[in-house]
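Hello,

Here is the structure we talked about handing over. My notes on it follow below.

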Amino acid sequence: MNHLPLIIKREYFTKVKNKSFIVMTFLSPLIMIALFAVVAYLSQLNNDKQRTISVLDDTGYLTNVFENTENTSYTILNGLKLKDAIELVKEKEDYGLLHIAKIDDLDGVSDHIRFYSEETPSLSVISGLEQRIEKRLNEMKLEKDGVTLAQIEAAKTNVDIAQESYTGEKSSKADNVVKLMFGGAAGYLLFMFIIIYGNMIMRSVIEEKTSRIIEVIISSVKPIQLMMGKIIGTSLAGVTQFIIWAILGGVLMVLVGFIFNIDILAMQTQQQEMAMQSLQNSGMDQKVGEFFIAFQNLPMTNLIIAFLFFFIGGYLLYSSLYAAIGAAVDNETDTQQFMLPILMPLVLAVYVGVFTVIEDPHGVVSTVFSFIPFTSPVVMLMRIPFGVPIWQQGLSLLLLIITFIATVWFAAKIYRVGILMYGKKPTYKELFKWLKY
Amino acid sequence: MNDLLVADAVSKSFGNFKALNQVSIAVPKGSIFGLLGPNGAGKTTLIRIINQITMPDEGRVFLDGQPLKPEHVRDIGYLPEERGLYKSMKVGEQCLYLAQLKGLSKSEAKQRLKYWFDKLEIGDWWNKKIQELSKGQAQKIQFVVTVLHQPKLLIFDEPFSGFDPINANLIKDEILQLREEGATVIFSTHRMESVEELCDHIALIHKSNKVLDGKLNDIKRQYKTNTFEVGLQASNSDRVITEIKNQFEVLPATFKNLNDDVKLNVKLKEDVSPNDLLSFLTAKAEVHHFVEVIPSASDIFIQTVKNN
């Protein structure tokens with residue numbers, strides 16, 4: 001008698017019809033977008049703030065470096081003593097005072113520049129000032145040695161190394177960025193999916209225990225059928241939720257951007273801004289084109305197939321463990337001690353993925369972790385865009401499947417015994433004993 | 001084969017703890033079989049083995065002459081002591097789900113549920129959630145779900161707990177009715193008066209071993225001590241008592257009776273018939289009360305457990 005479809009159906013519909021599930025499905029994207037909009041709005045406010053910086057240049061070298069920009073204007077003070085200048089700036093409530101002390105030797109100037117202000121100045125303001133001054137001082141030193149400005153300009157060179165594999169596949173930095181984005185998104189998606197829906201499975205097992213229906217159910221079906229039905233039903237509910245999130249999130253994103261006229265995509269951190277600037281040097285249009293080419297260069301078929309297999313394999317592996325934990329305990333507070341051993345390999349996988357795969361996708365660490373079944377789904381998904389030989393993918397998947405079967409067997413044992421155990425919080429030793437019942 | 005269920009030398013251990021030790025029972029077709037025993041004796045383990053929830057370490061179980069196999073879950077209806085339903089699921093949906101798990105088709109389940117819901121007058125609960133029902137009401141639903149697929153063997157573990165006397169009676173009548181219709185019932189309880197009332201066979205499990213089994217009447221015959229309750233009216237009661245005491249072994253009696261002057265338990269020797277006692281008594285006084293003392297299920301239970 002195969003009751004699996006029946007159980008899956010029940011698990012799916014109870015989840016999907018659950019009020020808090022519905023609320024979460026429709027509210028989370030709203031909350032996320034609202035947060036996004038608030039942050040975007042606030043940072044825009046911040047950027048719009050006007051600052052005035054006074055400059056007291058006793059050397060006279062740097063006076064014409066400071067041109068007013070959109071948000072910052074500079075006042076050049078002349079012939080004031082430092083003390084008086086500070087008083088004046090305080091009175092005017094300027095952002096701060098930049099003082100360049102009088103030094104005859106050009107080499108010494110850089111050591112005698114100081115910024116005075118009421119509060120600690122923002123990092124971006126200081127680094128902006130530093131960049132300007134450095135550029136000017138460099139030029140002056142070169143001029144002193146007899147190099148003209150025109151020569152300096154002419155000497156500037158921009159290098160962009162073209163990459164090509166032995167088999168003739170061309171790639172670029174843009175390729176790598178796209179690959180990282182793909183791999184990172186896939187790995188992170190799996191990580192999130194496991195945590196959210198693994199927990200949901202665990203709670204639903206605990207619910208069956210606390211409502212004491214479990215004994216009625218397993219007098220009709222095999223515990224492993226119930227467990228698999230639960231895992232599959234909950235996953236389907238999860239996929240449904242994810243799809244709704246993606247659609248809703250996309251629509252809302254566009255809508256909010258339209259209504260509030262905030263260019264959400266333009267929200268950038270300092271670092272991204274710098275990266276964008278360096279991109280701009282070689283021509284923005286060309287870069288965008290490169291991204292599209294990089295997209296097309298991705299091994300799409302391989303990616304999609306591998307994504308499906310590793311995603312499903314990894315998810316089933318972890319969710320069966322979550323189900324076993326749910327069966328072993330009576331209530332959610334008791335789950336903590338068993339959660340750690342599950343979360344550790346998962347977090348490790350993400351760390352390895354983020355730090356090692358980016359650095360060297362085919363290095364020893366990345367390769368090894370892409371074979372260990374508990375980390376392989378995340379790490380391998382991150383590596384695949386960079387091109388992993390099919391035999392490696394196959395071997396890793398085989399290991400994953402073998403481990404998955406072993407884990408399900410192990411989880412089913414604990415599940416079978418655990419669902420009928422009430423009252424006490426089991427220890428690891430007891431769990432081990434259950435395997436032999 | 002007259003036995004619907006036979007357990008043959010079943011043993012089960014959990015780690016070092018032996019929950020069942022070579023327990024054999026035979027449940028005759030059409031009987032109500034009382035499975036008795038103190039808490040923790042191993043009854044639930046045996047019931048779970050019959051339901052194939054746990055596998056025995058040793059021994060075999062036969063249902064209708066066949067070794068127990070997964071398909072047999074359709075032939076068994078089980079109401080566990082630790083029972084409950086999905087709290088946030090609607091009554092109707094839930095009953096359909098559980099019935100389908102027992103192998104009924106959806107339409108058939110619907111039809112039978114309608115019959116039962118009408119019979120128990122609970123039709124308007126269909127769209128309620130379990131958490132909106134009282135405990136007793138949920139128990140009723142649970143009972144319906146247990147019997148819905150018309151199993152050959154019904155196993156009830158403390159079926160009356162949580163019911164008020166009216167509903168307990170209702171359920172009792174339903175159980176008797178199901179037996180009339182051909183079902184065999186295994187009945188596990190600590191309420192000895194229901195054992196007395198319902199069971200025709202019993203088995204007593206104590207400390208993982210079966211210590212007693214058979215027809216309830218046979219067991220009672222075994223356990224009876226040839227003792228008779230005697231109630232007399234006599235003008236000179238003290239003298240009558242002394243005379244009886246000289247002739248027979250007399251124990252104090254506690255039965256309830258209207259206006260008897262003399263109340264005694266008289267134990268007869270093997271070779272003395274009740275008629276001898278009666279004619280002795282009628283010669284001395286007016287006999288108002290003369291009953292053989294039959295040990296109750298409760299007496300047998302306590303005595304057996306103490307002796308073991």
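**Cavity and aromatic pairs**

The largest cavity is lined by V216(A), S219(A), S220(A), G77(B), Y78(B), L98(B), A99(B), K102(B), Q142(B), V145(B), T146(B) and H149(B). A cavity here is a set of points on a 1 Å grid over the protein atoms alone where a 1.4 Å probe fits but cannot get out, and lining residues have an atom within 4 Å of a point. α4(B) contributes the most to this lining, with three residues; helices are DSSP runs of H or I with at least four residues, strands are runs of E with at least two, and both are numbered from the N terminus.

The model is predicted: local features need pLDDT of at least 70, side-chain atom pairs count only at pLDDT 80 or more, and totals for chains, interfaces and linings use all residues. Residues are numbered from 1 along each chain as its sequence is written, chains are lettered from A and ligands numbered from 1 in the order in which they are written, and side-chain values use heavy atoms, without hydrogens and water.

Over all chains there are 21 aromatic pairs (rings of Phe, Tyr and Trp, the last by its six-membered ring, with centres within 6.5 Å; stacked under 30 degrees between planes, edge-to-face over 60, otherwise tilted). F117(B) and W126(B) are edge-to-face, because their planes stand at 70° with the centres 5.5 Å apart. F143(B) and F156(B) are stacked, at 5.7 Å centre to centre and 15° between the planes. This pair links distant parts of the chain, with F143(B) in helix α4 and F156(B) in strand β7 of chain B, 13 residues apart.

Regards

Notes:
On a 1 Å grid over the protein atoms alone, a cavity is a set of points where a 1.4 Å probe fits but cannot get out, and a pocket is an open set with protein on both sides within 12 Å along at least five of seven lines; lining residues have an atom within 4 Å of a point.
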